[in-house]
Amino acid sequence: MNIHEYQAKEILSSYSIPVPRGRVALTSDQVERAAKEMGGRCVIKAQIYAGGRGKAGGVKLVHHPEQAQDYGKELFGKRLVTPQTGPEGLKVRRILVEEAVEIAREFYLSITLDRATSRYCLIASAEGGVDIEEVAQKSPEKIHVLTIDPYTGLRPYQARRIALALGLTGSLCEDCVELMLNLYKVVLDKDCSLVEINPLVVTRAGWLMAMDAKINFDDNAIFRHREYPDMMDYSQLDTLEINAGKYDLSYIKLSGNVGCMVNGAGLAMATLDVLKEYGGEPANFLDVGGGATREKVAEAFKIILEDGDVKGVFVNIFGGIMRCDVIAQGIIEAASEVHCTLPIVVRMDGSKVQEGKQLLVDSGLNVQTADSLGEGAERIVQMLG
Amino acid sequence: MSILINRDSKIVVQGITGRSGLFHTQQCRDYGSKIVAGVTPGKGGIHIEGIPVFNTVEEAVRYTGANVSMIFVPPPGAADAILEAADAGIDLAVCITEGIPVRDMVPVKRVIQQTRTRLVGPNCPGVITPGECKVGIMPGYIHKPGKIGVVSRSGTLTYEAVKQITEAGLGQSTCVGIGGDPIIGMQFIDVLRLFNEDPETEAVFMIGEIGGSAEEDAAEWIRENMKKPVAAFIAGVTAPPGKRMGHAGAIITGGKGKAEDKIRTLGECGVVVAPSPTKMGAAMLEALGKK
């Protein structure tokens, strides 16, 4: 789960990690007022669920409140397209107005899960403010990685070694040690899959400060953080993806016209792959869960059909223990309810598969059945001509 | 012969009184698995479906000699359930539970590495030795006893693969679903090593997906150590970067975890990679030189 930069900074700040003075604005008038409060010269930052905003025109240094207001007007409602958003971009609805800070040095600092060791690792570099992936590729020696043992946690001496490697000395080095220890606390307390400060800076006045911040929460941990759903900015998400989330379905909008409903993430990915192989373009990824139920199948079907791009539907359910006649019933109910006339191809496997197929054939829907994955993909592509 | 489980495995079900716990307990027992005990804290002393329920795994092991645990405990208590199984000296813990937070799994993995207990999962379909024992949620009827070892990060895609392998006239020695989470117990390599040493396993089919580098690591290991033919399929060739495809672990980030890189590496290490999910059975035959 994503949150905005300003929310991430609020969390860091509550763990004694210094961030620039700032205000969140929802209108261009608020941007102006906030700019006045900062003394005129300030930084305007569009809040969207994606990085790469700077190059896309989402971050700007302004010199007086009127300029801030004009820029706010320009940004609000605009769709920012960055390398991380996809071609349609993300709409700006919130703007962070921050004091302008004189920067002496920039660093990169993050903590994330290292899958290879199954532990959290701290990553730091003296090359801050840039794309860390690029640094990692071009000059890996400039990246310092520390794997954290969950038994001991992050220890001050380990953090100190990193701070020294970044070239920090004296009390600034000790400040950085404390900052890193606090950052690890954030990861644990808030169940973060990523906390990233890029850049972490030393100001001209000699203070450490998180100039930008990114936090991702572990979706699996939302059950113990009641506040997380309220922190979500639903305007940053696809409406269909939000609906799917309500029914615990995993849905991702794609650019094609064949709606796909599959049980299980791996099989769903494989289904998209095979559809493309036969010349079809999937409209979505949708996993109804390994043990698909009638209710979930019905809801999933409705979500797929709400997407105006969908011209046909490919259902691939390897029921296994689930009965195919029950799944078929769910499909028929949902399709009838929304008066679906689009071509549907259903490939089912599992118990009572013949009964399931018969139900579909007798349903009066524009539906064909298939016996295998390849046959199903071929058929839906044919039906769409 | 088989790996991990066989007809002598004695199974305790943690979370047996929950809806899916009970349902799958019955399914496994119908398949022939020896379910000797259940564990649900606070319900010790009762019998459910004729199976004695205990408050702790330690008690279940002491009274029944259980050596395999199947875990259905919901996410908030699942990490604790795995640790409890390990503490009770269980040989194999199979955790079916989906949705365990990473923060809970980091210390669990750390502990498991230092015990004799093997962990399969979490978020996995389980383990089956066809015709002998099923510890998990997979449909038993698609499997056939035989000599192909199957190891997979996926659930239903594994069923698809097994079905194709069975239709190709081949049976399976044991099928292991290692799970789709970022932190899991046994990795591809751990399972491959067991298959390599199992005299009854003649060849292996491996099913991977986008995200992480477990498939690449397995490929290197296969090149160095594997004495038996291996075929594979990698799901997600067409997956867009930055989008999490269902599994918490299935995401391409920062150019890492792409299907094409995994496929290339596996191919370079002598693995026959199925070009399409419709050709998994065919790839297995090709690896065996029967095509």
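In which helix of chain B does B:S20 lie? B:S20 belongs to helix α1, residues 19-31 of chain B; helices are DSSP runs of H or I with at least four residues, and strands are runs of E with at least two, numbered from the N terminus. The structure is a predicted model in which local features need pLDDT of at least 70 and side-chain atom pairs count only at pLDDT 80 or more, while totals for chains, interfaces and linings use all residues. Residues are numbered from 1 along each chain as its sequence is written, chains are lettered from A and ligands numbered from 1 in the order in which they are written, and side-chain values use heavy atoms, without hydrogens and water.

An unreviewed UniProt entry lists B:S20 under "binding site", together with B:T17, B:G18, B:R19, B:K43, B:I96, B:T97 and B:E98; such annotations may be inferred rather than shown by experiment, and positions follow the numbering used here, with feature names shortened. These residues span 82 residues of sequence and are spread in space, up to 23.3 Å between C-alpha atoms.

B:S20 is partly exposed, with a relative accessible area of 38%. B:E98, in the loop between β6 (92-95) and α4 (102-112) of chain B, is exposed at 57%. Buried means under 20% relative accessible area, exposed over 50%, and partly exposed in between (1.4 Å probe, protein chains only). Leaving out residues up to four places away in sequence, B:E98 touches B:P75 and B:N123, where contact means heavy atoms within 4.5 Å.
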